[in-house]
Amino acid sequence: MSLFEQFIQTLAEDLKEVAETFGREYTRALVKVGRDFAEQTRDDLLRWGKLAAAGQLSEDDFKWLLQGKKDVLEMELLKQEGLARVQKDRLQQAIIDTVAGALIQTFGA
């Protein structure tokens with residue numbers, strides 16, 4: 001299994017836990033949006049993961065870099081029906097934080 005596949009598995013499990021804070025009805029949507037976001041930003045995530053493994057990026061650095069990808073994440077969230085704008089903003093930040101944590105956990109920093 002590649003490191004990216006490990007990252008995707010870690011991300012999915014972490015997002016399931018995060019979904020608990022939003023309500024179980026968001027679990028599938030949150031995991032799907034998180035996975036889709038990771039796949040769409042795969043090249044960047046792999047590059048950043050390698051930098052983390054080399055000790056050149058921290059989790060805060062990841063979060064800052066991921067903030068620049070908010071437009072991709074916004075489009076994924078907009079595909080989900082029934083989410084209020086406030087929920088989308090909170091979910092967006094939760095996904096960014098979870099992606100950063102999963103990258104650090106998988107690739108190390």
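The entries below go from the whole chain to single residues.

**Entry 1, the outline.** I began by noting that this is a predicted model. I counted 6 helices and 0 strands in the protein. Read from the N terminus, the elements run α-α-α-α-α-α. I then checked the radius of gyration: it is 13 Å, close to the 13 Å that the globule rule gives for 109 residues, so the protein is as compact as a globular protein of that length. Along the principal axes, the C-alpha trace spans about 40 × 25 × 20 Å.

The accessible surface comes to about 6,100 Å², and carbon and sulfur atoms account for 49% of that. For contacts between residues at least 6 apart in sequence, I noted that 70% join residues at least 24 apart.

My tally gave 15 positive and 19 negative side chains. The centres of these two sets lie 3 Å apart.

I looked for its buried residues and listed Ala29, Leu30, Val31, Val33, Gly34, Phe37 and Ala38.

I located lysine 88 in helix α6, residues 85–107. Is lysine 88 buried or exposed? Its relative accessibility is 12%, and buried means under 20%, so lysine 88 counts as buried. Last, I compared lysine 88 with alanine 52: they are 36 residues apart in sequence and 28 Å apart in space, C-alpha to C-alpha.

How values were computed:
Residues numbered from 1 in each chain as written. Predicted model: local features only at pLDDT ≥ 70, side-chain atom pairs only at ≥ 80, totals over all residues. Heavy atoms only, no water. Buried < 20%, exposed > 50% of the residue type's maximum accessible area, 1.4 Å probe, protein only. Helix = DSSP H or I, 4+ residues; strand = E, 2+ residues; numbered from the N terminus. Rg over C-alpha atoms; globule rule 2.2 N^0.38 Å. Contact = heavy atoms within 4.5 Å. Areas by Shrake-Rupley, 256 points an atom, 1.4 Å probe, with all protein chains shown as cover. Lys, Arg positive; Asp, Glu negative; His and termini not counted. Charge placed at Lys NZ, Arg CZ, Asp CG, Glu CD.
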